[in-house]
Amino acid sequence: RRDFQVMGLFKVLDPASFPPALQSEGLGFSSALWTQVGAQGVVKMDLKRSSGGVVLEGRLFQTARGDAATLARTYQGNDVRTVVHAFVNDVVGEFTGTKGPFGSRIVFSQPKGREIMSVGADGSQPHVLTNM
């Protein structure tokens, strides 16, 4: 959710406003029902732990294109953050033609500061690179 909010291109709907039929559909999809709540695109994920880390099954549905997923991929990695970022990057790519920035880092200096820092593209994991 945070990745989509950070992008500024997406309006994330409040799941509490969804009717029961949408809350219980799992990885399935009904474009007619989602259109009624104002959705143009719907992202669904199923995350499972495996012996080697985590496995994410991600799907993107676009209501104007019917009930079939326009993107369906499986991602494997060591941690949840990495696989979710990879999926969101692909979703962003479906809408913009360019994959998202998540998983990359931004390097900066603080105003009037002497330290160089880096932060994840989603604003997480700040790290001081210099020690002055």
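Visitor: Hi! In what order do the three strands of the open sheet come?

Guide: The order is E4-E5-E6, with antiparallel pairing; strands here are DSSP runs of at least two residues, helices of at least four, numbered from the N terminus. Strands pair if DSSP finds at least two bridges between them. This is a predicted model, where local features need pLDDT of at least 70, side-chain atom pairs count only at pLDDT 80 or more, and totals for chains, interfaces and linings use all residues. Residues are numbered from 1 along each chain as its sequence is written, and side-chain values use heavy atoms, leaving out hydrogens and water.

Visitor: Which are the edge strands?

Guide: E4 (105-109) and E6 (127-128), as each pairs on one side only. E4 also pairs with E5 (residues 116-120) over five bridges.

Visitor: Switching to H4, how many residues does it have?

Guide: Helix H4 has 17, residues 80-96. Asp-79 caps its N-terminal end, with a side-chain oxygen 3.2 Å from the backbone nitrogen of Arg-81. After H4 comes Gly-97, with a positive phi near 85°.

Visitor: What do the buried residues of H4 pack against?

Guide: They pack against helix H1 (2-7) and strands E1 (41-50), E2 (53-62) and E3 (71-77). Buried means under 20% relative accessible area, with a 1.4 Å probe and protein chains only.

Visitor: And what is Val-88 in contact with?

Guide: Leaving aside neighbours within four places in sequence, Val-88 is in contact with Asp-3, Phe-4 and Phe-102. Contact means heavy atoms within 4.5 Å.

Note on methods:
The expected span of a helix is 1.5 Å times one less than its number of residues. A polar contact is a pair of N or O atoms within 3.5 Å; within protein, one must be able to donate a hydrogen and the other to accept it, and residues adjacent in sequence count only if both atoms are side-chain atoms.
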